[in-house]
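Trainee: Hey, could you walk me through this one? I'm new to it and would like to start with the strands.

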Amino acid sequence: DQQVFPSPLIPHSFPTHYRFSLVSSLPMLTWLGGMLSAVVQIIVEGVANAFFSVLPILVVAAVVYKYVEAKRRVVHTEGRVSKQFEPVLKAFRENFRSGWERDGAAFAVYQNGELVVDVWGGHADRESHRLWKENTMNVAFSSSKAMGALCIALLVDRGQLSYDDKIVKFWPKFGKNGKENVTVQMVMSHTAGLALVSKRITMEDGFDHVRMAQHFEDQTPNWEPGTEVGYHALTYGWLVDQIVRRVDPKGRSLGRFFEEEFSVPYGIDFHIGLPLSESHRVSRLSRPTLWDRICEFITDPQNVDYGHVAREIITGGLMFKVGSNPDWLNSVFRMPMNNPDLYAMEQCALSGIGTARAMAKLFDLVRQEKIISKATLDFVSRPVVHESQKDIVTGAHVARGHGLTHMYHTDKTGRKLLLLGHAGLGGQNIRIDRVNGLTFAYVSNGLKGGLGDRARTYVRLIDALYKCIPLKEEMSSDNRVPLSSSQPRTAIAKSASSMNGCSTRTPLSPLRAH
């Protein structure tokens, strides 16, 4: 007996007269497919035509909305600024007035050892209407790397460490898997090939220096150490902590070393490992919206290399991998640094927390050679990685070395001035200008696209700052003393304003915040 199998194309329980032939139905199916395709095409074209016809209206409406919002926006700023630097205060207010500064910010400038600009404004937490105060702190992100670099520089200055030392000299187990020739300088200059740890880093690992040591000991370099430069965005902080713990005669952690060597002796309100009791002073961070990114791109198309970022995400490149481990610190698509539990982590790659005033004060002491010697400062002011070298992680061309980056500003005479320090995610920055005797720091909780050196709010402030620095032929007796003079600057004026109250104030006049 032969068993009859039902056709796979139709249920075998269908009556015979309902069965159909696929071959005979092809013309009908083709016709239906054509009709469906035509309908879809008409709908898509209609939607596209409608969208592009109203797009100009939408753009104009958005621009008008932003303009009206800016006119109605109340801007709160407070602080002190010397008469010579009042244009900096004006630029600071303009950042808020124009909507470029959507949350809060602070900017501090020292010149020849004197605090000449100390301004803050906006909201520490916009949603709760918590204003930015004089003692409000902000997460410094990668500007924290400069603080870690200073800890290493101090050990070098004391003769307890050399940048040419191999890590295995004080950490023998580190030399496994091809890392035996990695030097301190390679770690500080991002050429060590340890931008990425292969094993997943848990939050428990991140707070445990023993676990992190094991991660680095087992790790194989991402590239042959010393042959490429690749931004160690997160691993830098843990590696610096490991170096300090092993070289410091007291065996202190990075956070404790920073506190005892800098924060306490010099009154610096900056922390690598913030006590939870101080978390109420930290501003709340916010990511830039799509509109913010578009506006920033229009202002400066080179602010962020979105093409490189897109390629890295699509291909799962090194930049994407670096930002994905640990995922609990990824601050591009989320904002984990709003978690107070993370403030206590002694991680100088991104979690340093403090005021702009404190950052500027500390690095001005460095500029004055009161913390490290002139010889050490001269040494760290020379780049190890030059601008011509491409970073294989970020795709950027940045001169760097000794844990610091080297940026340049062109002054009125066309001179390129070295600005030594480090930028951070969303606009944070700390820089010293040894030629003009300047040190300045900027922090903001309304993060901008990209790093700090191209953030338009920061650029506006720096442009205004350098317009206040007189050339020799411009010197006069009206408060513009030569930069080499030790004569005190003019008295610092307190200033505070609202959107509708930004008139010039008399120096020393107490001003009311609106």
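This is a predicted model: local features need pLDDT of at least 70, side-chain atom pairs count only at pLDDT 80 or more; totals for chains, interfaces and linings use all residues.

Trainee: Okay, and how do β10 and β11 pair?

Mentor: β10 and strand β11, which covers residues 429-433, pair in the antiparallel sense over four bridges.

Trainee: Which residue in β11 is the bridge partner of Ala423?

Mentor: That's Asn429.

Trainee: What does β10 do with β9?

Mentor: Strand β9 (residues 404-410) pairs with β10 in the antiparallel sense, over six bridges. These two strands form a hairpin too, with five residues between them. Look for Gly414 in that turn: its phi is positive, about 90°.

Trainee: What holds paired strands together, in general?

Mentor: Strands of a sheet pair through backbone hydrogen bonds, either parallel or antiparallel.

Trainee: Back to β10. Why is it described as largely enclosed by the rest of the structure?

Mentor: Count its residues: β10 runs over 416-423, and six of those eight are buried, so the strand is largely enclosed by the rest of the structure. Buried here means under 20% relative accessible area.

Trainee: Got it. What's the strand order in the open sheet of three strands?

Mentor: The order is β5-β7-β6, with antiparallel pairing. The edge strands are β5 (138-139) and β6 (270-271), each pairing on one side only.

Trainee: How many bridges join β5 to β7?

Mentor: Two bridges, with β5 and β7 (residues 353-354) running antiparallel. Val139 has Ile353 in β7 as its bridge partner.

Trainee: Changing topic: which residues make the nonpolar surface patch?

Mentor: Met28, Trp31, Leu32 and Met35 make that patch, and its area is about 430 Å². To find it, go to helix α1 (residues 22-72), where Met28 sits.

Trainee: One more. Where is Ile294 found?

Mentor: In helix α9, which spans residues 290-299.

Trainee: And what's the relative accessible area of Ile294?

Mentor: It's 40%, so Ile294 counts as partly exposed. That label covers values between the under 20% of buried and the over 50% of exposed.

Trainee: How far apart are Ile294 and Gly449?

Mentor: In sequence they're 155 residues apart, but in space the C-alpha to C-alpha distance is 9.6 Å.

Definitions and conventions: Residues are numbered from 1 along each chain as its sequence is written. Side-chain values use heavy atoms; hydrogens and water are left out. Buried means under 20% relative accessible area, exposed over 50%, partly exposed in between (1.4 Å probe, protein chains only). Two strands pair if DSSP finds at least two bridges between them. Patches are made of residues with over 30% relative accessible area and no salt bridge: like charges are joined within 9 Å, nonpolar side chains (Val, Leu, Ile, Met, Phe, Trp, Tyr) within 5 Å. Accessible areas come from the Shrake-Rupley method with a 1.4 Å probe; for residues, only the protein chains shown count as cover. A salt bridge is a side-chain nitrogen of Lys or Arg within 4 Å of a carboxyl oxygen of Asp or Glu.
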